[in-house]
Amino acid sequence: MKVVKRIHKVLAILFRRFRVKKLISILNESDDTQLKAVSNALYGTINKSLSDDERLLIEAIERRRYELLDSEELLNVQDYGAGNSTSSRTQAEMDQGVHCTVKLSDVCKASKRKFWALFLYKLVRNIKPLSCVELGTCVGISASYQATALKLNGNNGRLVTLEGSDEVALVAVKSFESLDLQNVSVVVGPFHKTLADTLKKSGPIDYFFNDGHHDHDAVLRYFHESLPHLSTEAVIVFDDISWSPGMRSAWEEIKRHSRIRASVDLGDIGIALISDSPVDKMHFKAAL
């Protein structure tokens with residue numbers, strides 16, 4: 001039985017790799033520069049294509065990750081999110097926030113794993129945005145990857161990242177300081193109180209990473225709220241689109257929106273490309 005399971009696992013991995021390679025080829029043949037950027041980001045991530053300088057910078061971020069994973073520090077957290085994928089928090093609970101005391105190491109576990117963090121890094125390196133907004137700072141690991149990419153792009157790109165909990169935000173600030181990242185700033189407070197002003201100050205926004213409130217209504221609300229502040233060829237990345245039925249439903253609705261010209265569904269992450277004019281939609285899918 002164990003042998004059969006191993007064979008099935010290996011076959012599943014090989015099939016996913018085949019689908020991803022095919023997707024990379026299809027995207028690369030497109031005339032759309034942003035789709036080519038996604039293709040290049042995927043290729044670079046899967047092949048771990050990094051210069052020596054890039055490798056050193058990413059190793060520094062990963063050392064910070066493991067430092068936090070080893071921490072026994074306790075944080076007082078006000079969680080304005082949806083909880084876990086089986087939670088049934090009411091809108092009032094999410095608006096008010098749920099207080100809890102958690103280990104810093106457990107908070108850090110919610111950070112994007114290295115593969116996806118590297119993909120975000122590669123995506124930012126390829127699309128070369130100037131104004132970037134992230135929903136969901138956590139301890140600053142994914143933000144550090146993205147800010148490092150902006151720094152290496154050399155075009156004065158900046159990242160504003162939003163975090164609901166002040167103690168978690170403080171950990172993220174220390175992460176940025178330890179990595180000498182001066183092109184990223186943290187806005188603290190629940191998204192429904194901080195996002196509108198952040199969008200107004202940051203627009204036009206070229207890159208919007210939604211890794212915050214994992215709730216169907218919240219994802220759609222923040223998506224619609226962001227639209228007037230996005231640049232004409234903005235890229236939006238939605239994290240955990242398969243986290244719950246509600247998140248999957250929200251992703252499918254976003255794909256159908258009139259301003260989305262193309263989407264790339266990678267299973268865990270969804271990428272939506274903005275257009276200001278009517279175009280024939282293009283949808284691509286290959287779960288990683």
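Trainee: R65, buried or exposed, and why?
Mentor: R65 counts as buried because its relative accessibility is 7% (buried is under 20%, exposed over 50%, partly exposed in between, with a 1.4 Å probe and protein chains only). Keep in mind that this is a predicted model, where local features need pLDDT of at least 70, side-chain atom pairs count only at pLDDT 80 or more, and totals for chains, interfaces and linings use all residues. Residues are numbered from 1 along each chain as its sequence is written, and side-chain values use heavy atoms, leaving out hydrogens and water.

Trainee: OK, which helix is R65 found in?
Mentor: Helix α3, residues 52-69 (helices are DSSP runs of H or I, at least four residues, numbered from the N terminus).

Trainee: And what does R65 touch?
Mentor: Leaving aside residues up to four places away in sequence, R65 touches C108, S111, K112, R113, K114, A117, I141 and Y145 (heavy atoms within 4.5 Å). For K112, its backbone oxygen lies 2.9 Å from a polar atom of the R65 side chain.

Trainee: Switching topic: how many residues are in the largest nonpolar core?
Mentor: That core has 57 residues, and L123, V139, Y207, V237, V264 and I271 have the most contacts inside it (a core joins buried Ala, Val, Leu, Ile, Met, Phe, Trp, Tyr and Cys through side-chain atoms within 4.5 Å). Helix α6, residues 114-127, gives the most to this core, with nine residues.

Trainee: What does L123 touch?
Mentor: A37, V38, A41, Y207, V235 and V237, again not counting residues up to four places away in sequence.

Trainee: Which residues does the second core include?
Mentor: I205, A218, L220 and M247 are among its 27 residues, and this core is separate.

Technical notes
Helices (H or I, at least four residues) and strands (E, at least two) are DSSP runs, numbered from the N terminus. A polar contact is a pair of N or O atoms within 3.5 Å; within protein, one must be able to donate a hydrogen and the other to accept it, and residues adjacent in sequence count only if both atoms are side-chain atoms.
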